[in-house]
Amino acid sequence: MSKDTKYIRDSVHGDLCLNETEIKLIDTPQVQRIRRITQLGFISLVYPGANHSRFEHSIGTMYLGSKLAQHLELEEHEKKLVRAASLLHDVGHGPFSHASEPVLGVPHEKLTAKVIKHTCLFDILNEEFNVNEIIKIINGDSELGPLVSGELDVDRMDYLMRDSHYTGVAYGIIDVERIITNMKLDNYLLLNIKAVQAAEATLVARYFMYPSVYQHHTTRIVNAMFRRCLKKSFKEKIINKNKIYEYDEIDIITILRNSEGTIKDFVTRLDNRNLLKTAHSIKLNQFKNPNDIFKIEEKELRKAEEEISEETNIDRDNIIINIADYPRFDEMKTQVYDGEDIYHLNEISSIVGALKIARFNYPDISLYIPKEDKNKIKKFKFENYLDLPEKSENKFDTMHLSQRKLI
């Protein structure tokens with residue numbers, strides 16, 4: 001604490017303390033840009049209050065990272081490393097966050113490393129740290145990496161709390177204090193078995209946030225429309241894909257609004273919330289092995305869209321076949337210690353074991369078309385256009401068995 005110490009008032013964690021180096025980092029154009037990158041992209045079209053930014057999430061992650069580092073009794077330099085990595089872990093995110101990432105084909109962590117290495121952030125960090133150490137922590141590749149990028153890390157803790165707060169849903173309430181105070185660092189970040197219930201609650205929160213917020217059916221439609229716009233803008237070279245980390249959301253929307261054809265049509269629809277509609281969908285839990293759906297290649301989906309367009313006379317650009325994002329629950333792999341013994345969370349928790357199956361209850365493969373064209377789709381079957389995995393005969397049991405276990 002010094003006379004140069006400043007505070008930021010955060011709506012989730014309260015007053016957050018900043019040291020001199022962190023103030024310098026925050027005042028860079030690269031960190032200021034993420035004030036103009038929304039944490040949840042277009043989800044505000046579903047939950048009007050969800051307008052919080054990547055910047056808010058980053059300072060919240062820094063705060064929790066600092067708490068965890070303090071509990072683990074790290075050396076002062078290591079604490080500062082964790083704080084700096086937590087603050088900068090999202091500076092490479094593209095506009096609208098995860099809505100744009102699949103189109104880029106590059107994980108935001110890789111773009112974050114590029115931003116840190118090739119901007120003024122490098123010079124500021126280099127005065128006090130080995131910059132490669134910061135990047136390794138962000139990528140989860142060092143001993144301190146699991147604190148920021150691991151199975152049960154401060155990044156996840158903050159966004160669950162924050163996203164729940166701003167959307168108004170009640171699912172993201174997790175016992176952060178219980179989790180943090182029951183962790184130890186011994187080659188890996190380990191959770192004391194006494195805090196297993198808190199970890200289970202975190203996973204259950206993720207399970208319910210997935211269909212309610214992150215993969216809400218309207219969110220998926222909006223994201224699919226935006227991704228089509230962005231992909232076309234890259235192809236037409238009106239947006240530089242290789243410098244996406246320099247754009248903010250105002251830049252992107254302004255460029256798209258001033259475009260022509262499908263791009264302009266879709267962004268106008270997004271502006272006015274005149275969205276495509278779901279014409280047909282199949283829940284992934286209806287398949288014997290839901291994971292096989294994610295093996296369907298992009299070119300197969302686009303080919304199917306073309307065939308549907310030819311048969312229905314619906315504009316090819318207005319047809320989107322969308323597969324929900326893979327319901328990844330890395331927290332299931334959290335390592336739990338009981339004395340000298342170490343287990344993975346899913347080995348000792350029947351709830352987590354049930355969630356491993358139940359996470360496929362909500363994702364689906366869907367067909368989106370304009371509302372005015374829905375009368376052109378009659379007796380539609382995905383099987384006529386895509387080679388889908390084998391379906392389960394007992395789809396009701398598959399769908400509800402895991403929920404019964406949870407109860």
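**Figure 1. The kink in helix H12 of the predicted model.** In this predicted model, helix H12 bends by about 30° at phenylalanine 208, shortly before proline 211. Helix H12 spans residues 196-214. Of its 19 residues, 15 are buried, so H12 is largely enclosed by the rest of the structure. Phenylalanine 208 itself is partly exposed, with a relative accessible area of 31%.

**Figure 2. A nonpolar patch on the surface.** Phenylalanine 208 also belongs to a nonpolar surface patch, which it forms with Tyr171 and Tyr362. Together, these residues have about 250 Å² of accessible area.

Figure 3. Arg273, Lys277, Lys371 and Lys374 form a positive surface patch. Lysine 374 is located in the loop that lies between strand E9 (364-369) and helix H19 (395-406). Its relative accessibility is 37%, so lysine 374 counts as partly exposed.

**Figure 4. Two loop residues with positive phi.** Asparagine 187 is not a glycine, yet its phi is positive, at about 70°. This asparagine 187 is found in the loop between strands E3 (183-186) and E4 (188-192), and it is exposed, with a relative accessible area of 61%. Lysine 237, likewise a residue other than glycine, has a positive phi near 60°. The loop that contains lysine 237 lies between helix H13 (217-235) and helix H14 (249-257). Lysine 237 is exposed, because its relative accessible area of 73% is over 50%.

**Figure 5. A salt bridge between lysine 24 and glutamate 127.** The structure holds 29 salt bridges. In one of them, lysine 24 pairs with glutamate 127, and the closest N and O atoms are 3.7 Å apart. This pair links distant parts of the chain, 103 residues apart: lysine 24 is in helix H1 (residues 20-26), and glutamate 127 is in the loop between helix H7 (120-126) and helix H8 (131-138). Lysine 24 is partly exposed, at 38% relative accessible area, whereas glutamate 127 counts as exposed, at 61%.

Figure 6. Glutamate 305 forms a salt bridge with arginine 228, with 2.9 Å between the closest N and O atoms. The pair connects helix H16 (residues 298-312) with helix H13, across 77 residues of the chain. Both partners are buried: glutamate 305 has a relative accessible area of 0%, and arginine 228 has one of 12%. Lysine 303 and glutamate 307 also meet in a salt bridge, at 2.7 Å from N to O. These two residues are four residues apart in helix H16, so about one helical turn separates them. Salt bridges with shared partners join Arg228, Lys231, Glu298, Arg302, Glu305 and Arg316 into one network.

Definitions and conventions:
Residues are numbered from 1 along each chain as its sequence is written. This is a predicted model: local features need pLDDT of at least 70, side-chain atom pairs count only at pLDDT 80 or more; totals for chains, interfaces and linings use all residues. Side-chain values use heavy atoms; hydrogens and water are left out. Patches are made of residues with over 30% relative accessible area and no salt bridge: like charges are joined within 9 Å, nonpolar side chains (Val, Leu, Ile, Met, Phe, Trp, Tyr) within 5 Å. Accessible areas come from the Shrake-Rupley method with a 1.4 Å probe; for residues, only the protein chains shown count as cover. A salt bridge is a side-chain nitrogen of Lys or Arg within 4 Å of a carboxyl oxygen of Asp or Glu. Lys and Arg count as positive and Asp and Glu as negative; His and the chain ends are not counted. The place of a charge is taken as NZ of Lys, CZ of Arg, CG of Asp or CD of Glu. Buried means under 20% relative accessible area, exposed over 50%, partly exposed in between (1.4 Å probe, protein chains only). The bend at a residue is the angle between axes fitted to the seven residues ending there and the seven starting there.
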